[in-house]
Amino acid sequence: MASEKFMILDPAYRKLQKLKELVREENASSKISAEIDEVIDLLKARYDYCEGITSDPSKDLQQLMHSTFHHQWQNDHAEGKLSRVPSTIMMSGKLEAQFLRSLTSLCNAERVLELGLFTGCTALAFAESIPEDGKVVSCELDPYIADLARSFLDKTSCGKKVEIMKGPAKSSLEILAKKKEQFDIIFIDADKKGYITYYKTIWDLGLLAPKGTILVDNVLFHGDPYSKEGRTGEIGQSIINFNEMVRKDDRVHKIMVPIRDGLMIIRRKEDVDRQK
């Protein structure tokens, strides 16, 4: 069933919840309240329907998701292992993970670069869709989370394809560029304020392979880019600035997909426009 954590990303859902409360406070008609409930149920039903039709993740991926949801994050924070308690909403769910797997397969990708690992859900999804000799390089700032992800991935059959780089993502990009590495898919999902820097660095250092694809997560960040609520402050504004920069980038073909918290697919224009 649809998770409230996922639905809360949608400003329309949040507004409906506020309207429902307002109807209750104003003692409005029960018919109005019932109609609002039906709309909320429809939003949830659409999410559940899409997930229900989508192929189930592998047993390894399901176990990794389960381990993430049930990990004792509060204890880690209390013991000083983490500076803050992360939200499991940071993890790609079934629908997005399977969508990324399909894109990886369509691109015939062999090498994937991921900026922002968390517990390894997306890294494993990519790893399961590349050849045995393929590689996923995942960059993670927090050393404890990187080690935790490593422990989760080591319990899977494809986890060996994932190499984890600890430290700031920009530094990792520079290290990879010095090694002359290039990637068929680059997935940006690290700190949102750094998106513009990562995007520019990828192009400046030539990290995207010929006919490669850049995927960017959270481009509809909590609805702020289109609702203008300003709910997420500077972070939301950073996403708005990033989206606008890509919109104006004439070198690339881009499409924004309203899946989960928004996903942008970016390719070189010449790889999409084949007109003579």
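Is His222 buried or exposed? In this predicted model, His222 is buried, as its relative accessible area is 18% and the cut-off for burial is under 20%. The residue belongs to the loop that links β5 (208-217) with α11 (224-227). Its backbone also deserves a look: His222 is not a glycine, yet its phi is positive, at about 55 degrees. Most residues other than glycine have a negative phi.

A second residue with this backbone feature is Lys180, a non-glycine whose phi is positive at about 65 degrees. Lys180 sits in the loop between α9 and β4 (183-188). With a relative accessibility of 74%, Lys180 counts as exposed, whereas His222 is buried.

Turning to the strands, the model holds an open sheet of 7 strands with mixed pairing, in the order β3-β2-β1-β4-β5-β7-β6. At its edges lie β3 and β6 (252-257), each of which pairs on one side only. From one strand to the next, the twist averages 15 degrees. Within the sheet, β5 and β7 (residues 263-268) run antiparallel and are joined by 5 bridges. Ile214 is found opposite Ile266 of β7.

Helices pack on this sheet as well. Helix α6 (residues 94-106) touches β4, β5, β6 and β7, and its direction makes about 10 degrees with that of β7. Helix α10 lies across β1 (111-115), β4, β5, β6 and β7, and it runs at about 175 degrees to β5.

Helix α10 (residues 195-204) also has a helical neighbour, α9 (residues 169-178): the two axes come within 10 Å and cross at roughly 5 degrees. Angles under 35 degrees count as roughly parallel, so α9 is roughly parallel to α10. On the α9 side, the contact involves Ala169, Lys170 and Leu173, which meet Thr197, Tyr198, Thr201 and Ile202 of α10. Sorted by class, this contact has 4 nonpolar, 2 polar and 1 charged residues.

How values were computed
Residues numbered from 1 in each chain as written. Predicted model: local features only at pLDDT ≥ 70, side-chain atom pairs only at ≥ 80, totals over all residues. Heavy atoms only, no water. Axes fitted to C-alpha atoms, helices over the stretch in contact; angles between N-to-C directions. Helix = DSSP H or I, 4+ residues; strand = E, 2+ residues; numbered from the N terminus. Parallel < 35°, antiparallel > 145°, perpendicular 65-115°, else oblique. Contact = heavy atoms within 4.5 Å. Nonpolar A, V, L, I, M, F, W, Y, C, P; charged D, E, K, R; others polar. Buried < 20%, exposed > 50% of the residue type's maximum accessible area, 1.4 Å probe, protein only. Pairing = 2+ DSSP bridges.
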